[in-house]
Amino acid sequence: MAEKISDETPNPEKINDESPNPLAPSNDEESITAHSKDQNRKKQMKCLLYIILFAVFQTGIILLFVLIFMRMTNPKFRVRSGSFIDTFNVGTEASPSFDLRMNTQFMVKNTNFGHFKYKDGTVTFAYKGIPVGNAMIEKGRVGARSTKKVDVVVKLRSNGLSLNTRDNELGSDISSGVLPLTSSVKLKGKIHLMEVIKKKKYAQMNCSMEIDINSRTLGNIICK
């Protein structure tokens, strides 16, 4: 008995519904795309974070530079010591006068991070506010955060004092054995930072001291 052949033809719409669409993305492709986008987003966030951190670091460096390096102060200029060499002539209470030759050591102290270049200056030594001697300071340079010593010979003479000062004050000081003096100067110059930044500064001195006539020494040096 022959098998009956069906006349039913296959429905093309049904075939299309059952067959997969090659153009539609699969779940794996969607997962890969989402992962790629997530990775890119993370990279962008990292780059942004690095940029912010770098900007904060740079700002900190600039602030540190301004607070430490750019904070320039006036150097200090002081009388450090003094000794008397060949001339030490002091009168009496009745006939007061003095003629001294003092080897004086000055000190220039620079606490800045740049070197200090100063111009010529003149230190004035005075007795009771009246000049009795000068010390010429030649122009020079002090390194960053360092101290420089300068030796100068100073002649101290009372011939510029008035008769009233000599008779009433100098005579009394000679009798006591102590001769008070003061010294002052203002050295003008500039602080040089990395040879790029230059700022005007000055080293000012206001010192008081005493000469012990009996021991021929300089002592009790006080500087402001």
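**Close-up views of a predicted chain**

**Figure 1. Overview of the chain in the predicted model.** Of the 224 residues in the chain, 28% are buried, where buried means under 20% relative accessible area, exposed means over 50%, and partly exposed lies in between (1.4 Å probe, protein chains only). The secondary structure comprises 3 helices and 10 strands, taken as DSSP runs numbered from the N terminus (helices H or I of at least four residues, strands E of at least two). Read from the N terminus, the order of elements is α-α-β-β-β-β-β-β-β-α-β-β-β. Residues are numbered from 1 along each chain as its sequence is written, and side-chain values use heavy atoms, with hydrogens and water left out. Because the model is predicted, local features need pLDDT of at least 70 and side-chain atom pairs count only at pLDDT 80 or more, whereas totals for chains, interfaces and linings use all residues.

Figure 2. Asn 112 is buried, its relative accessible area being 3%, and its side chain reaches the backbone nitrogen of Thr 73 at 2.7 Å. Leaving aside residues up to four places away in sequence, Asn 112 touches Arg 71, Met 72, Thr 73, Pro 75, Ala 144, Arg 145 and Ile 191, a contact being heavy atoms within 4.5 Å.

Figure 3. A salt bridge is a side-chain nitrogen of Lys or Arg within 4 Å of a carboxyl oxygen of Asp or Glu, and the whole structure contains 4 of them. Asp 86 is exposed at 56% relative accessible area, while Arg 101 is partly exposed at 26%. In another, the side chains of Asp 99 and Arg 157 meet at 3.4 Å, N to O.

**Figure 4. The salt bridge between Lys 128 and Asp 173.** The two side chains meet at 3.8 Å, N to O. Lys 128 sits in the loop between strand S4 (121-127) and strand S5 (130-137) and Asp 173 in helix H3 (residues 163-176), so the pair ties together parts that are 45 residues apart in sequence. Salt bridges that share partners join Lys 128, Glu 169 and Asp 173 into one network.

Methods. Polar contact = N/O pair within 3.5 Å; in protein donor to acceptor, adjacent residues only side chain to side chain.
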